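Hello,

Here is the structure I promised to pass on. My notes follow it.

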2 protein chains.
Amino acid sequence: MRGEIVSVGTEILLGQIVDANAVDLGLVFAETGVTHHFRQTVGDHHDRLVSALRLALTRADVVVTIGGLGPTEDDITRTAIAEAIGQRLVTDPENEDRLREIFERRNIPWTEAQVRQAQRPEQAEVIPNPNGTAPGLICPVGEQVVIALPGPRNEFGPMIRGRVRDFLAQRSGEEPIVSRVLRIVGLGESQVEAKLLDLMHSSDPTVAPYAKIGEVHLRLTTRQSHVEGLAQFEAEIRDRLGSHVYGVGDESLEEVTIDEMAQRGLTLAVAESCTGGGLGERLTRVAGVSTVFQGGFLTYQDSVKTKLLGVPSEILATEGAVSEACARAMAVGARERLAGTHALSITGVAGEEPMHENGIEKPSGLVFIGLATPDRVVALRFQFAGNRDTIRARAVQNALALLRKDVLGL
Amino acid sequence: MRGEIVSVGTEILLGQIVDANAVDLGLVFAETGVTHHFRQTVGDHHDRLVSALRLALTRADVVVTIGGLGPTEDDITRTAIAEAIGQRLVTDPENEDRLREIFERRNIPWTEAQVRQAQRPEQAEVIPNPNGTAPGLICPVGEQVVIALPGPRNEFGPMIRGRVRDFLAQRSGEEPIVSRVLRIVGLGESQVEAKLLDLMHSSDPTVAPYAKIGEVHLRLTTRQSHVEGLAQFEAEIRDRLGSHVYGVGDESLEEVTIDEMAQRGLTLAVAESCTGGGLGERLTRVAGVSTVFQGGFLTYQDSVKTKLLGVPSEILATEGAVSEACARAMAVGARERLAGTHALSITGVAGEEPMHENGIEKPSGLVFIGLATPDRVVALRFQFAGNRDTIRARAVQNALALLRKDVLGL
């Protein structure tokens, strides 16, 4: 079965946004055995979209549009699909009721433009959108099908991982490609490759590394019928990388670490300076984290470090806030105040200019991460490269990695 | 002049890499006045690339290919262009000499496959590649032109910022496009559109809305010589949307709010429950925020709300943590403890299941945002839709919007 993506949006053509949805859908095509030869990207223009859809229907069994389903004049996808496939647009009453309800609940006045989002080509099936107003559409056209998906990431994602993936897998009837992602912390991409050098050339299963911030993902891929080979291959890789493999698939470092802590009855407090809440934010992405994560302290200004955490002012006046001593004192202060088992602290220079504290130059990217536990207090020094965002992300990632090592006794 | 990008690479279709080159080239098109209606992405397949090129040549003056210029079998772009434009491929002797030199210098044995990289359609001009082996090509085809650029980022980048940009700017002879983004908070996309209904159809300047989480971006676009018209158009829009327009271009809501606070000598503390640090994280994305942002409290567990912020346990035992009273007490507690002027608090149900507190059901997405200032204490109730991430992002966004309104006296 052949698939083709038609991405809709002038802002994509103009280089204002990256078409991340098309990337995700490309992966889903691969995983569901849909062959994929062409992608088109079209601006917000009715006639051009109609011509792109007609072209796609000459060469693909399934055409998936992304974007242009909103309520505004720019949102032309529904009308263009109806024209390209020669079906009338009808208003779906169930959909309209749902939309009116959402607007009422959000206290937003209903405007007639909103009705557009309740429309569908007459033979189309609606894909529910729990995260937004515009539903997706599955529109049969003889033996072919056009699927329309909304552009916002949080609406698009659940649809392709749910209804759309199932639909494609079933419809393609081809042997699905199976892949498995191993998530690795504490080794860089080249270190991972060096340990797997002979396996990197394997043609089935294949293995491909992807460098992420502070971790590496290894994608292992084969066809459904060779899935036992995949398990063996994974075992060999795990054997070589040992406890650096922290998770599989979508599992995040915070998730597995919190899970290990929960199993051991441990609790966690945080004390953040340069990350300003980024560590807490990441920990609380995990649903149900409240059995482990107590809370913590954002001590951005130096005086607040003393006031909330009892960091001795002598430390701030000598070694400064970006120091091993301060990271230790922050971790100890947070642990004592919340009376739990573990506390993590982060203090550093996230800005792109060096900082001066008491005559000592602290370069951009210098970060100290502290950990206080019932057994010990440690602080590690890191020198990260990158801009403000990257430095902060690396700091959070390394704090989680330090915590995981401690909890697992590595 | 019309331009069209043809990106070449199976790895792009399969979702293994993001097509960042096409994003950059889209920006260069816009800046050099090249109109841009379609983009095609094709796998590494000769016949399909030829057909994509032929299609592009039916509707564009300049067709730019990205990728497929390397030495391997997969690198099909040169041959496909030659076929599509009906020119012979010839080996460029100067190019071959240069390649042989590079290989000698790098101590890599010369293979005949490398000669491919020295080939060009007979009428083509070569674009030097200081960072790699495959040069770019400018291939005239009557009044049209096909430009071929290499895929590696460090080879592609210098070419489009140098020779290619100059070529496009000169050839288009058109004026550069100027655009300006207005950032709007406190109105939904359809509300913005309703207020601008007559302007939405304007053909010069054009205006296009983009819905973001808790804000709307309006992109106004015109040609360089009409730039005064753009200013007038912007003034009209600002007049209708009033103080809902909070910023321009890349300015973020946190940035403008912090800036207004700094000018007034105000300070800010935060107290976060369901966002777990997301508000602090966002505030501290702003470099130099430490004059305004003091720090704050992550009070994820209920007992920590009492311990760190003095939230009365009666409130937790009656109305519960997700309540107006709790949001008010959190904001007051944070403000008192850090002794600044302003404090924001967030408490809510970010999880996708409803929560029960003391027999009261709190639905997913119910969030209270509190603000304490020298003059008042308020708490607002919100009911957000979406998943955990979206609910948390909306909570942070609305906390910032509330703060901005207070600071500006709106």
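**What was found**

A:Val63 stands opposite A:Val146 in strand E8 of chain A. The two strands involved are E3 (residues 62-66) and E8 (residues 144-149) of chain A, which run parallel and are joined by five bridges. Helices (H or I, at least four residues) and strands (E, at least two) are DSSP runs, numbered from the N terminus. Two strands count as paired if DSSP finds at least two bridges between them.

First, the ground rules. This is a predicted model, in which local features need pLDDT of at least 70 and side-chain atom pairs count only at pLDDT 80 or more, while totals for chains, interfaces and linings use all residues. Residues are numbered from 1 along each chain as its sequence is written, chains are lettered from A and ligands numbered from 1 in the order in which they are written, and side-chain values use heavy atoms, with hydrogens and water left out.

**Sheets**

E3(A) and E8(A) belong to an open sheet of 12 strands. Its order is E6(A)-E7(A)-E8(A)-E3(A)-E1(A)-E2(A)-E2(B)-E1(B)-E3(B)-E8(B)-E7(B)-E6(B), and the pairing is mixed. The edge strands are E6 (125-127) of chain A and E6 (125-127) of chain B, each pairing on one side only. The twist averages 15 degrees from one strand to the next. Axes here are lines fitted to C-alpha atoms, for helices over the stretch in contact, and angles run from 0 to 180 degrees between N-to-C directions.

Two helices of chain B lie across strands of this chain. Helix H4 (residues 77-85) lies across E1 (2-8), E3 (62-66), E7 (136-141) and E8 (144-149) of chain B, at about 5 degrees to E7(B). Helix H6 (residues 153-161) of chain B lies across E3, E6, E7 and E8 of chain B, at about 145 degrees to E8(B). Contact means heavy atoms within 4.5 Å.

Chain A also has an open sheet of four strands, in the order E10-E11-E9-E12, with antiparallel pairing. Its edge strands are E10 (206-212) and E12 (245-248), each pairing on one side only. Neighbouring strands are turned by 25 degrees against each other on average, direction ignored. Nine bridges pair E9 (residues 177-185) with E11 (residues 215-223) of chain A in the antiparallel sense. A:Arg183 has A:His217 in E11(A) as its bridge partner. Helix H8 (residues 227-241) of chain A lies across E9, E10, E11 and E12 of chain A, at about 155 degrees to E11(A).

**Helix packing**

In chain B, H12 (residues 302-309) and H14 (residues 324-338) pack at about 35 degrees, with their axes 9 Å apart. The crossing is left-handed (the near helix is turned anticlockwise from the far one by less than a right angle; clockwise would be right-handed). H12(B) contributes B:Lys305, B:Leu308 and B:Leu309 to the contact. H14(B) contributes B:Cys326, B:Ala329, B:Met330, B:Gly333, B:Ala334 and B:Arg337. By class, the contact has six nonpolar, one polar and two charged residues. Ala, Val, Leu, Ile, Met, Phe, Trp, Tyr, Cys and Pro count as nonpolar, Asp, Glu, Lys and Arg as charged, and the others, Gly among them, as polar.

How many cavities of 30 Å³ or more does a search of the whole structure find? One. The largest cavity has a volume of about 60 Å³. On a 1 Å grid over the protein atoms alone, a cavity is a set of points where a 1.4 Å probe fits but cannot get out; a pocket is an open set with protein on both sides within 12 Å along at least five of seven lines; lining residues have an atom within 4 Å of a point. Grid points are joined across faces, edges and corners, and a volume is the space filled by probe spheres set on the points.

The cavity lining is A:Ile12, A:Val18, A:Asp19, A:Val23, A:Arg39, B:Val18, B:Asp19, B:Val23 and B:Arg39. It divides into five nonpolar, no polar and four charged residues.

The second largest pocket holds about 1100 Å³. Of its 34 lining residues, the closest to its centre are A:Thr10, A:Leu14, B:Ile177, B:Thr206 and B:Thr221. The lining has 12 nonpolar, 14 polar and eight charged residues.

**Backbone**

A cis peptide bond joins A:Asp204 and A:Pro205, with omega about -5 degrees.

Regards
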